[in-house]
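Open your viewer and get ready to select residues one stop at a time. Keep the sequence panel in view as you go.

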Amino acid sequence: MPTSPLAYAFQPHEKIKVGFARVLGEISVRGQGLTRRSREPTGESIHEGRLLIKRVRALLWFARPALGVAAYARARARLRRAAGVLAGQRDLAVTQATLEQLARNASKARDRAALAQILRSLVRNSAAGEALRQLLQKAMGILCQSVDEIQRSAAGRAAWPSPSARLAKAFRATRQAGKKARRTGKDADFHEWRKKAKRLLYQLELTQAGSGRRMARTTKRVAKLQDKLGATHDGVVVEDRLRQMLPVPSSARRVLRLLEKRKARLRRRTWEIARGIESKGWA
């Protein structure tokens, strides 16, 4: 099972530099553990591996003011490569989960039949067994190399950023991304909003800013926000896969209409959640 977010948080009275190195080490150990399980890797293992990569990226962003420009750029590029290794399997898992959820909620037999047909045609190339293990090992190997490099770069740094300052910056970036997404309505801008919300959530968990009652509520809302934004992006991933089916069959066109309705509902929900966060007046 995934480790509690508390394992990836600074501890009270712990120096930032010490906590930063410790959390990176925790993530590295967890990444290595994912590849050492005796049973075959599963979709859950892939998902957790991607979350570990995202946590390291959030840590890297936190420490950016304390790291050299070159070191930051190298680590960022390496982590992007690690995520890319698992991207294909992640997209397949997202496609399957999204279509299955649509099928459970579909009230019309024609919609369910179309979803079943598309599900069979799209979810065929998922890696399994040894192939999946190799992908996970490669990604986690890159992750651990990134952690080592970041730790070496950070070891000699004396000045570290203020957690509250980085948290405020993450919040502002999330709010600005949300305003842009609501203004343009573009899928790419909603995806960017999602990434900023995920980073904000990890900064909240890292700094344990949610220990107070008000901030705990904010953390919970941010978690809901990034979850809904994630579901929205998952639908876009499926839409893109459907549009690659040329010529596009009638069943795919029916599913695309269902996905558009789902996206509209999810977007309305994200706006409601975001307003709740912004009304707290914290930035």
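Select Thr232. Thr232 sits in helix α8, residues 213–243. Keep in mind that this is a predicted model. Is Thr232 buried or exposed? Thr232 is buried, because its relative accessibility is 4%, and buried means under 20%. Now show its neighbours. Leaving aside residues up to four places away in sequence, Thr232 touches Lys263, Leu266 and Arg267.

Next, pick Lys195. This residue belongs to helix α7. Lys195 counts as partly exposed, with a relative accessibility of 43%. Lys195 and Gly230 are 35 residues apart along the chain, and their C-alpha atoms are separated by 8.8 Å.

Now step back to helix α6. Select residues 163–184 to see α6. How many residues does α6 have? The helix has 22 residues. From its first C-alpha to its last, α6 reaches 32 Å, close to the 32 Å expected at 1.5 Å a residue.

Colour the buried residues of α6. They are Arg166, Leu167, Ala168, Ala170, Phe171, Ala173, Thr174, Ala177, Gly178 and Ala181.

To describe two packed helices, use the angle between their axes and the distance between the axes. The crossing of α6 past α7 is left-handed.

Show side chains where the two helices meet. On α6, the contact residues include Leu167, Phe171, Thr174 and Lys180. On α7, look for Phe190, Trp193, Lys196 and Leu200, among others. Which classes make up this contact? The contact of α6 with α7 has 12 nonpolar, five polar and six charged residues.

For the last stop, select His13. His13 lies in the segment before α1, which covers 16–34. Check its backbone: His13 has a positive phi of about 65°, although it is not a glycine. His13 is exposed, with a relative accessible area of 85%.

Methods:
Residues numbered from 1 in each chain as written. Predicted model: local features only at pLDDT ≥ 70, side-chain atom pairs only at ≥ 80, totals over all residues. Heavy atoms only, no water. Axes fitted to C-alpha atoms, helices over the stretch in contact; angles between N-to-C directions. Helix = DSSP H or I, 4+ residues; strand = E, 2+ residues; numbered from the N terminus. Left-handed = near helix turned anticlockwise from the far one by under 90°. Contact = heavy atoms within 4.5 Å. Nonpolar A, V, L, I, M, F, W, Y, C, P; charged D, E, K, R; others polar. Buried < 20%, exposed > 50% of the residue type's maximum accessible area, 1.4 Å probe, protein only. Expected span 1.5 Å × (residues − 1).
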